[in-house]
Structures are given as C-alpha cells and as structure tokens.
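Please read these points with the structure open beside you.

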Amino acid sequence: MQPFSYKKTGQAENAVALVAPEVQAAYLAGGTSLIDLMKLNVQTPTELVDINPLPLTKIEIQGNGVRIGAMARNSDVAYDVIIRERYPVLSEALLSGASPQLRNMATVGGNLLQRTRCYYFRDTAFPCNKRVPGSGCPAIEGYNRIHAILGASDRCIATHPSDMAVAMIALDAVVQTRGPNGERSIPLVDFHLVPGDTPERETVLQHGELIIGVDLPASTFAKRSHYLKVRDRASYAFAMASVAAALDIQNGIIRSARIALGGVGTKPWRAYEAEKALLNKPANQATFQAAASVAIAGAKPQKYNGFKIELTKRTIVKALATVGGMA
C-alpha cells in the first residue's frame with residue numbers, strides 16, 4: 001500500500017472542497033472495496049477524506065417515494081421495514097451480496113461505485129485499460145468466464161459487480177449528488193458508463209462529486225418484484241447472471257414491467273426491449289420466454305462465457321415466473 005494522508009469531515013460541502021482540488025484524493029466511507037484495491041496497489045490515492053461522520057444514513061419517505069442516504073449501510077437498507085415492504089427486490093439483492101460483516105460496513109454510495117472483480121484489473125502484473133488506458137485488455141484473449149456479454153468493447157469486457165445497482169435501476173432510482181458545480185439528479189440507468197474507448201471512466205461523476213443519496217420513486221410494480229442471482233456457490237460469490245424483475249399484472253395481463261440484469265453487462269443492464277415485449281401480454285411461460293430471448297439478443301460472448309446466454313435466459317424466465325406467482 002502506498003503512503004497517503006488522512007482527513008475527516010462531517011460536512012458534505014467541506015468534503016467536496018477537500019477532494020475536488022486534489023487529483024489523487026478519494027472519499028473513504030465503508031472502505032470494503034477501496035481499501036482492498038489500495039492493498040493491491042490498483043488504486044493509489046495520496047489523500048483519503050473520511051466521510052463517515054456525514055449525516056446521510058437515513059432511510060425515509062419523501063413524497064410518494066423513499067430516499068436512502070448515501071451513508072446508509074447495506075444491512076440497514078436490506079432489513080428496513082419500508083424497503084422490504086415497498087421494494088422487496090432491493091432487499092433481496094442486498095442480502096444476496098457479500099457477507100453479513102461486509103454488509104454491516106458497506107454503504108449505498110460505495111456500493112454504486114464498486115469496481116470490477118476482473119482478475120486482470122486486480123492484478124498489477126497484467127496490463128489493463130481500466131488501470132492504464134491504452135495498455136491493453138488481456139481478458140479478451142485470456143480466461144474470460146466471468147466477463148461481460150453485453151456492453152463490452154475491444155478495450156474492456158469486465159462486468160460490473162453490484163447486485164444493489166441492478167435492483168435499483170429496475171426501480172427507476174435517481175442518484176442525488178453534490179459537487180464543485182452544485183447539485184445534480186442523475187437517473188441511475190445513466191449513472192454508469194459502458195467502456196467504449198474510455199474504460200477507465202466508469203461513471204458520469206466528476207472528480208470530487210459526492211453521492212448524497214438515492215431516490216426510489218413510487219410505482220405500480222415495485223411491491224411485486226424479485227431478485228434472482230445465479231452464482232458458483234451459495235454465498236459470498238458474485239453473479240454469473242442475475243435478474244431484477246418487477247411486474248404490474250391486472251387480470252392476468254402485464255401492464256408494466258421492469259427487467260434489469262447483473263453479472264453479464266459492463267454496467268448494471270436495463271433490458272428495455274424485453275420490457276416492451278412483456279407489455280399487454282398474458283403473464284405466462286411463453287411470454288416470459290419470448291422476453292428473455294429479446295433481452296439477450298445483442299449478446300456477444302467470449303471464448304469461455306458463451307454459457308451465459310442460455311443461463312441468463314433461464315434466469316429471466318424463472319425470475320418473472322416467481323414474480324407472476326407461477327414458479
């Protein structure tokens with residue numbers, strides 16, 4: 001680990017003022033991802049600004065929706081009565097990730113900013129375009145079983161690791177931030193970036209911009225939702241494929257639908273075309289299978305991860321069947 005300076009603040013404005021001018025400064029919240037990457041010398045900030053004292057831990061009703069503070073711990077969100085009742089898909093997604101100890105430390109803001117678990121990214125013995133732009137992507141010709149089949153480019157095929165973010169984009173979440181240029185509201189579906197030619201740029205955040213909270217709007221489908229995660233082992237493993245599904249069904253007909261995918265995209269992946277394929281159709285197995293095929297139509301598998309296509313389709317069908325009461 002490289003040497004760094006340490007500061008601490010309980011005011012958002014002060015935190016932004018400390019980090020924004022320093023190119024190598026970073027915020028420290030739960031530290032469950034950042035500290036690991038610092039130990040590996042993958043990230044080498046010269047200054048850490050500890051924001052744990054910020055009063056951003058509340059989960060509260062606002063209007064018809066809910067606001068979750070950026071410093072709320074993952075475990076607190078997962079077990080919150082409001083979240084479990086109104087947005088079960090989010091609670092399920094959080095409980096499917098990491099371990100209880102990590103969930104007790106990890107924050108909502110930090111979860112959104114998780115970096116990929118690609119082995120080549122995390123091992124500085126290999127080149128990586130995320131770490132050193134232009135150095136190459138060994139995963140493309142290497143062992144790429146865990147890598148993306150949606151949203152990849154010839155510069156990067158790494159998947160985004162968050163379960164929480166997948167559930168949140170299915171819920172039309174909006175990220176609230178404060179930065180050097182003021183406050184912003186960013187739809188979560190637009191928050192993360194596909195790699196394209198700049199895989200080192202993973203979100204739309206400016207340097208020093210601080211996540212304040214996440215807003216979940218009220219909806220007709222959120223209560224009827226489910227998160228299904230398929231992985232190599234039953235716990236403490238990242239998704240090979242995951243699905244956040246939500247349906248509004250009236251008299252057996254689907255009136256509104258949300259499908260988001262994890263473990264297969266370079267960012268949390270909203271399956272818009274699959275959602276359209278479900279609208280005004282009967283909630284049955286044939287409809288779900290047709291939507292699953294649409295969701296994965298643009299997939300581009302690599303040498304070792306072609307199995308993710310069929311796996312994802314089956315996971316979508318099972319998640320929708322569970323939501324529809326047919327599993």
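1. Strand E4 is joined to strand E5 (residues 65-69) by four bridges, and the two strands run antiparallel. One of the pairings can be picked out by residue: Ile-59 has Ile-68 of E5 as its bridge partner. Keep in mind that this is a predicted model.

2. The pair E4 and E5 belongs to an open sheet of five strands, ordered E4-E5-E8-E6-E7, and the pairing in this sheet is antiparallel. Which strands stand at the edges? They are E4 (59-62) and E7 (182-187); each has a single partner strand, so one side of each is left without a neighbour in the sheet.

3. Strands of a sheet pair through backbone hydrogen bonds, and the pairing may be parallel or antiparallel. The next sheet shows the parallel case: three strands form an open sheet in the order E1-E3-E2. Its edge strands are E1 (5-8) and E2 (25-28), each of which pairs on one side only. In this sheet too, the twist from one strand to the next averages 25 degrees.

4. E1 and E3 pair in the parallel sense over four bridges, and Ser-5 stands opposite Glu-47 in E3. Four bridges also join E2 to E3 (residues 47-50), again running parallel. Here Tyr-27 stands opposite Val-49 in E3, and Leu-28 stands opposite Asp-50 in E3.

5. Helix H1 (residues 12-19) lies across E1, E2 and E3, and runs at about 150 degrees to E2.

6. Helix H5 (residues 88-95) deserves a separate look. Six of its eight residues are buried, so H5 is largely enclosed by the rest of the structure. The buried residues are Pro-88, Val-89, Leu-90, Ser-91, Ala-93 and Leu-94.

7. The next point concerns a pair of helices. H12 (residues 285-295) and H13 (residues 307-323) pack with their axes 9 Å apart, at an angle of about 140 degrees. The crossing of H12 and H13 is right-handed.

8. Which residues make the contact between these helices? From H12 come Gln-285, Phe-288, Gln-289, Ala-292, Ser-293 and Ala-295, while H13 supplies Lys-313, Ile-316, Val-317, Leu-320 and Ala-321. Sorted by type, the residues of this contact are seven nonpolar, three polar and one charged.

9. One residue of that contact can be followed further. Ser-293 lies in H12. Its relative accessibility is 36%, so Ser-293 counts as partly exposed; the range for that label lies between the cut-offs of 20% for buried and 50% for exposed. Ser-293 and Ile-316 are 23 residues apart along the chain, and their C-alpha atoms are separated by 9.3 Å. Both residues are listed in the contact of H12 with H13.

Conventions:
Residues are numbered from 1 along each chain as its sequence is written. This is a predicted model: local features need pLDDT of at least 70, side-chain atom pairs count only at pLDDT 80 or more; totals for chains, interfaces and linings use all residues. Side-chain values use heavy atoms; hydrogens and water are left out. Axes are lines fitted to C-alpha atoms, for helices over the stretch in contact, and angles run from 0 to 180 degrees between N-to-C directions. A crossing is left-handed if the near helix is turned anticlockwise from the far one by less than a right angle, and right-handed if clockwise. Contact means heavy atoms within 4.5 Å. Ala, Val, Leu, Ile, Met, Phe, Trp, Tyr, Cys and Pro count as nonpolar, Asp, Glu, Lys and Arg as charged, and the others, Gly among them, as polar. Two strands pair if DSSP finds at least two bridges between them. Buried means under 20% relative accessible area, exposed over 50%, partly exposed in between (1.4 Å probe, protein chains only).
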